[in-house]
Amino acid sequence: MIKLYELRTEKGLSQRNIAKILNISQGTYNNWENGKTEPSIAQLIEISKFFGISVDYLICNSDDTGIINYNKSITEYEKALLDNFNQLPPTLQNNIFELIQNYKSVKN
């Protein structure tokens, strides 16, 4: 079983949000989360990158999250932005996330 539900709810995101991020339908994501179908290997990789975890952890092949640490250094502004964002309740984080996704789709 894939740990999609746990990961999604920890982030306070809806199925709709994750489906938008992965560029799939909400129904497809729902089927993955409920074990009716499974994502492809490429999709598993994309999901693991989004959550910053290993594919092994995602597919319950390991208890170690395998947290992926990217070597990109972030600016003080980005750190402050992340700190402030993480202090918000999940519902507000979700609203901000949706706003950014909507902005990106309009911009493209």
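Is glutamate 33 buried or exposed? Glutamate 33 is buried, at a relative accessible area of 9% (buried is under 20%, exposed over 50% and partly exposed in between, with a 1.4 Å probe and protein chains only).

## Ground rules

What you have here is a predicted model, where local features need pLDDT of at least 70, side-chain atom pairs count only at pLDDT 80 or more, and totals for chains, interfaces and linings use all residues. Residues are numbered from 1 along each chain as its sequence is written, and side-chain values use heavy atoms, with hydrogens and water left out.

## The overall picture

The protein has 7 helices and 0 strands (DSSP runs numbered from the N terminus: H or I of at least four residues for helices, E of at least two for strands). Read along the sequence, that gives α-α-α-α-α-α-α.

Of the 108 residues, 28% count as buried. The protein exposes about 7,600 Å², and carbon and sulfur atoms supply 53% of that (areas by the Shrake-Rupley method with a 1.4 Å probe; for residues, only the protein chains shown count as cover). As for contacts (heavy atoms within 4.5 Å), take those between residues at least 6 apart in sequence: 46% of them join residues at least 24 apart.

## The nonpolar core

The largest nonpolar core has 17 residues, and those with the most contacts inside it are Leu4, Leu22, Tyr29, Trp32, Ile47 and Leu58. Helix 1 (4–10), helix 2 (15–22), helix 3 (26–33), helix 4 (41–51) and helix 5 (55–58) each give two or more residues to this core. A core here is a set of buried Ala, Val, Leu, Ile, Met, Phe, Trp, Tyr and Cys residues joined through side-chain atoms within 4.5 Å.

Isoleucine 47 is a handy place to start looking. Skip the neighbours within four places in sequence, and isoleucine 47 is in contact with Leu4, Leu22, Trp32, Pro39 and Leu58. Leucine 22 and isoleucine 47 are 25 residues apart in sequence, with their C-alpha atoms 7.5 Å apart in space. With residues up to four places away again left out, leucine 22 touches Tyr29, Trp32, Glu46 and Ile47.

## Glutamate 33 and its partners

Back to the opening residue. Glutamate 33 sits in helix 3, and its side chain makes a polar contact of 3.0 Å with the side chain of glutamine 15. Another polar contact, of 2.9 Å, joins the side chains of glutamate 33 and tyrosine 29. A polar contact is a pair of N or O atoms within 3.5 Å; within protein, one must be able to donate a hydrogen and the other to accept it, and residues adjacent in sequence count only if both atoms are side-chain atoms.

## Rings

There are 2 aromatic pairs (Phe, Tyr or Trp rings, the six-membered one for Trp, with centres within 6.5 Å; planes under 30 degrees apart are stacked, over 60 edge-to-face and the rest tilted). Phenylalanine 50 and phenylalanine 51 form an edge-to-face pair, 4.9 Å centre to centre with 80° between the planes. Phenylalanine 50 is partly exposed at 29% relative accessible area, while phenylalanine 51 counts as buried at 11%.

The charged end of lysine 3 sits over the ring of tyrosine 57, 3.8 Å from its centre (the rule: NZ of Lys or CZ of Arg within 6 Å of the ring centre and within 35 degrees of the ring normal).

Most residues other than glycine have a negative phi. Asparagine 23 is not a glycine, yet has a positive phi of about 60°. Asparagine 23 lies in the loop between helix 2 and helix 3 and is exposed, with a relative accessible area of 70%.
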